[in-house]
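Let's take a quick tour of a protein, one topic at a time. Have a look at the sequence and the structure, then read on.

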Amino acid sequence: MSSVKTKIPLCEQFDTPEYVRDYTPVLKSECRSREWWIVEVGGLICGVLRLVGNETRYVIVRDGYRGQGVGASLIAYAKFRRRTSWGKTKKGNSEMRRLFEKEGFRRAPDRDEDDWMAFEWER
Ligand SMILES: CC(C)(COP(=O)(O)OP(=O)(O)OC[C@H]1O[C@@H](n2cnc3c(N)ncnc32)[C@H](O)[C@@H]1OP(=O)(O)O)[C@@H](O)C(=O)NCCC(=O)NCCS
(Lines give C-alpha, C1' and ligand atoms only; values in the text may rest on other atoms or scores of the structure.)
Protein backbone atom coordinates (compact mmCIF):
# COMPACT_ATOMS: atom_id res chain seq x y z
CA MET A 1 0.00 0.00 0.00
CA SER A 2 2.83 2.41 0.74
CA SER A 3 4.14 1.92 -2.78
CA VAL A 4 0.71 2.79 -4.16
CA LYS A 5 0.64 5.88 -1.98
CA THR A 6 4.01 7.14 -3.13
CA LYS A 7 4.18 5.89 -6.69
CA ILE A 8 0.83 6.67 -8.24
CA PRO A 9 1.37 10.02 -9.97
CA LEU A 10 -0.49 12.93 -8.40
CA CYS A 11 -1.02 10.98 -5.16
CA GLU A 12 1.83 12.73 -3.39
CA GLN A 13 -0.56 15.55 -2.55
CA PHE A 14 -2.65 13.09 -0.54
CA ASP A 15 0.34 11.88 1.45
CA THR A 16 -0.86 12.90 4.91
CA PRO A 17 -1.27 10.49 7.86
CA GLU A 18 -4.99 11.26 8.06
CA TYR A 19 -5.57 10.62 4.37
CA VAL A 20 -3.59 7.38 4.45
CA ARG A 21 -5.46 6.19 7.56
CA ASP A 22 -8.88 6.97 6.11
CA TYR A 23 -8.32 6.02 2.49
CA THR A 24 -6.19 2.87 2.81
CA PRO A 25 -9.12 0.52 3.59
CA VAL A 26 -11.13 2.07 0.76
CA LEU A 27 -8.24 1.68 -1.69
CA LYS A 28 -7.68 -1.93 -0.65
CA SER A 29 -11.32 -2.71 -1.27
CA GLU A 30 -11.24 -0.95 -4.65
CA CYS A 31 -8.12 -2.91 -5.65
CA ARG A 32 -9.77 -6.18 -4.61
CA SER A 33 -12.78 -5.39 -6.77
CA ARG A 34 -10.42 -4.70 -9.69
CA GLU A 35 -11.10 -1.01 -10.06
CA TRP A 36 -7.45 0.00 -10.28
CA TRP A 37 -5.07 -1.07 -13.03
CA ILE A 38 -1.50 0.01 -13.50
CA VAL A 39 1.20 -0.08 -16.16
CA GLU A 40 4.54 -0.83 -14.55
CA VAL A 41 7.93 -0.39 -16.21
CA GLY A 42 10.89 -1.82 -14.32
CA GLY A 43 9.06 -1.59 -11.01
CA LEU A 44 7.92 1.98 -11.58
CA ILE A 45 4.22 2.72 -11.88
CA CYS A 46 3.97 4.83 -15.02
CA GLY A 47 0.28 4.60 -15.86
CA VAL A 48 -2.92 4.25 -13.84
CA LEU A 49 -6.48 3.50 -14.83
CA ARG A 50 -9.50 3.38 -12.57
CA LEU A 51 -12.52 1.55 -13.92
CA VAL A 52 -15.73 2.18 -12.04
CA GLY A 53 -18.37 0.07 -13.71
CA ASN A 54 -18.14 1.12 -17.33
CA GLU A 55 -16.56 4.45 -16.55
CA THR A 56 -12.87 5.18 -17.07
CA ARG A 57 -12.69 7.55 -14.15
CA TYR A 58 -8.97 8.10 -13.71
CA VAL A 59 -6.44 7.85 -16.54
CA ILE A 60 -3.01 9.23 -15.93
CA VAL A 61 0.45 8.61 -17.31
CA ARG A 62 3.57 9.64 -15.44
CA ASP A 63 5.58 12.52 -16.88
CA GLY A 64 8.44 11.15 -18.94
CA TYR A 65 6.33 8.20 -20.10
CA ARG A 66 3.77 10.14 -22.11
CA GLY A 67 3.59 9.97 -25.90
CA GLN A 68 4.68 6.33 -25.96
CA GLY A 69 1.30 4.63 -26.10
CA VAL A 70 0.82 3.99 -22.35
CA GLY A 71 -2.43 5.99 -22.29
CA ALA A 72 -3.68 4.18 -25.38
CA SER A 73 -2.90 0.82 -23.79
CA LEU A 74 -4.87 1.78 -20.64
CA ILE A 75 -7.92 2.77 -22.68
CA ALA A 76 -7.54 -0.34 -24.85
CA TYR A 77 -7.53 -2.40 -21.65
CA ALA A 78 -10.74 -0.75 -20.44
CA LYS A 79 -12.30 -1.71 -23.79
CA PHE A 80 -10.99 -5.26 -23.45
CA ARG A 81 -12.73 -5.64 -20.08
CA ARG A 82 -16.03 -4.02 -21.03
CA ARG A 83 -18.53 -4.17 -23.88
CA THR A 84 -19.28 -0.47 -23.50
CA SER A 85 -17.32 2.26 -21.84
CA TRP A 86 -17.47 5.96 -21.21
CA GLY A 87 -15.42 8.67 -19.60
CA LYS A 88 -15.14 12.38 -19.29
CA THR A 89 -12.43 14.95 -19.41
CA LYS A 90 -12.11 18.69 -18.94
CA LYS A 91 -12.86 20.62 -22.10
CA GLY A 92 -9.33 22.02 -22.23
CA ASN A 93 -7.65 18.60 -21.98
CA SER A 94 -6.80 18.12 -25.66
CA GLU A 95 -4.48 15.14 -24.94
CA MET A 96 -7.25 13.15 -23.27
CA ARG A 97 -9.82 14.15 -25.86
CA ARG A 98 -7.51 13.00 -28.64
CA LEU A 99 -6.84 9.77 -26.81
CA PHE A 100 -10.56 8.97 -26.44
CA GLU A 101 -11.14 9.77 -30.11
CA LYS A 102 -8.19 7.70 -31.30
CA GLU A 103 -9.49 4.77 -29.28
CA GLY A 104 -12.82 5.00 -31.07
CA PHE A 105 -14.83 6.86 -28.41
CA ARG A 106 -17.51 9.25 -29.64
CA ARG A 107 -18.74 12.43 -28.04
CA ALA A 108 -21.64 11.87 -25.62
CA PRO A 109 -23.01 15.36 -24.94
CA ASP A 110 -25.86 13.94 -22.83
CA ARG A 111 -23.30 13.05 -20.17
CA ASP A 112 -21.47 16.40 -20.25
CA GLU A 113 -21.27 18.26 -16.95
CA ASP A 114 -20.16 21.86 -16.54
CA ASP A 115 -16.75 22.04 -18.20
CA TRP A 116 -16.44 18.27 -18.53
CA MET A 117 -16.91 16.61 -21.93
CA ALA A 118 -18.08 13.01 -22.07
CA PHE A 119 -17.11 10.29 -24.53
CA GLU A 120 -18.47 6.80 -24.97
CA TRP A 121 -17.58 3.63 -26.80
CA GLU A 122 -19.42 0.47 -27.73
CA ARG A 123 -17.95 -2.77 -29.00
C1 LIG B 1 -3.91 12.14 -21.44
C2 LIG B 1 -2.79 11.14 -21.13
C3 LIG B 1 -3.35 10.06 -20.21
C4 LIG B 1 -2.30 10.50 -22.44
O5 LIG B 1 -1.38 9.47 -22.12
P6 LIG B 1 -0.18 9.09 -23.14
O7 LIG B 1 0.46 7.87 -22.59
O8 LIG B 1 0.69 10.25 -23.39
O9 LIG B 1 -1.01 8.73 -24.45
P10 LIG B 1 -0.43 7.98 -25.75
O11 LIG B 1 1.05 7.91 -25.67
O12 LIG B 1 -1.18 6.72 -25.90
O13 LIG B 1 -0.88 8.96 -26.88
C14 LIG B 1 -0.40 10.29 -26.86
C15 LIG B 1 0.37 10.59 -28.11
O16 LIG B 1 1.55 9.79 -28.20
C17 LIG B 1 1.63 9.19 -29.51
N18 LIG B 1 2.27 7.90 -29.41
C19 LIG B 1 1.68 6.74 -29.06
N20 LIG B 1 2.58 5.74 -29.09
C21 LIG B 1 3.77 6.31 -29.46
C22 LIG B 1 5.07 5.80 -29.65
N23 LIG B 1 5.36 4.51 -29.50
N24 LIG B 1 6.05 6.68 -29.99
C25 LIG B 1 5.77 7.98 -30.14
N26 LIG B 1 4.54 8.51 -29.97
C27 LIG B 1 3.56 7.68 -29.65
C28 LIG B 1 0.21 9.05 -29.92
O29 LIG B 1 0.10 8.99 -31.34
C30 LIG B 1 -0.37 10.31 -29.37
O31 LIG B 1 -0.09 11.39 -30.22
P32 LIG B 1 -1.24 12.34 -30.72
O33 LIG B 1 -2.12 12.63 -29.53
O34 LIG B 1 -0.53 13.54 -31.23
O35 LIG B 1 -1.95 11.58 -31.75
C36 LIG B 1 -1.57 11.85 -20.48
O37 LIG B 1 -1.24 12.98 -21.25
C38 LIG B 1 -1.80 12.28 -19.05
O39 LIG B 1 -1.55 11.51 -18.11
N40 LIG B 1 -2.25 13.52 -18.85
C41 LIG B 1 -2.44 14.07 -17.50
C42 LIG B 1 -3.56 13.41 -16.78
C43 LIG B 1 -4.86 13.62 -17.45
O44 LIG B 1 -5.17 14.71 -17.87
N45 LIG B 1 -5.64 12.53 -17.52
C46 LIG B 1 -6.97 12.57 -18.03
C47 LIG B 1 -7.92 12.89 -16.93
S48 LIG B 1 -9.57 12.84 -17.53
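What percentage of the 123 residues in the protein is made up of buried residues? Buried residues account for 20% of them, where buried takes 20 or more other C-beta atoms within 10 Å of a residue's own, exposed means 12 or fewer, partly exposed is in between, and C-beta atoms are placed from the backbone. Keep in mind that this is a predicted model: local features need pLDDT of at least 70, side-chain atom pairs count only at pLDDT 80 or more, and totals for chains, interfaces and linings use all residues. Residue numbers start from 1 along each chain as its sequence is written.

**Overall layout**

- You'll find four helices and six strands here; helices (H or I, at least four residues) and strands (E, at least two) are DSSP runs, numbered from the N terminus.
- Starting at the N terminus, the order of elements is α-α-β-β-β-α-β-α-β-β.
- Take the contacts between residues at least 6 apart in sequence: 50% of these join residues at least 24 apart. A contact means that two C-beta atoms, placed from the backbone, lie within 7 Å.

**Around the ligand**

- The ligand has 16 residues around it, and Val61, Arg66, Gly69, Gly71 and Ala72 come nearest. A residue counts as near if its C-beta atom, placed from the backbone, lies within 6 Å of the molecule.
- Helix α4 gives the largest share of this shell, with four residues.
- By type, the shell splits into seven nonpolar, six polar and three charged residues. Nonpolar covers Ala, Val, Leu, Ile, Met, Phe, Trp, Tyr, Cys and Pro, charged covers Asp, Glu, Lys and Arg, and the others, Gly among them, are polar.

**Strand β6 and its partners**

- Strand β6 (residues 116–122) has Met117, Phe119 and Trp121 on its covered face, while Trp116, Ala118, Glu120 and Glu122 sit on the uncovered one.
- Strand β4 (residues 84–90) runs antiparallel to β6, and seven bridges join them; strands pair if DSSP finds at least two bridges between them.
- In that pairing, Lys90 stands opposite Trp116.
- Strand β5 (residues 106–107) is also antiparallel to β6, joined by two bridges, and Arg107 stands opposite Phe119.

**Two loop residues with positive phi**

- Arg34 isn't a glycine, yet its phi is positive, about 60 degrees. Arg34 sits in the loop between α2 (17–32) and β1 (36–41), and it counts as exposed because it has 9 C-beta neighbours inside 10 Å.
- Asp114 isn't a glycine either, and has a positive phi of about 45 degrees. Asp114 lies in the loop between β5 and β6, and is exposed, with 6 other C-beta atoms within 10 Å.
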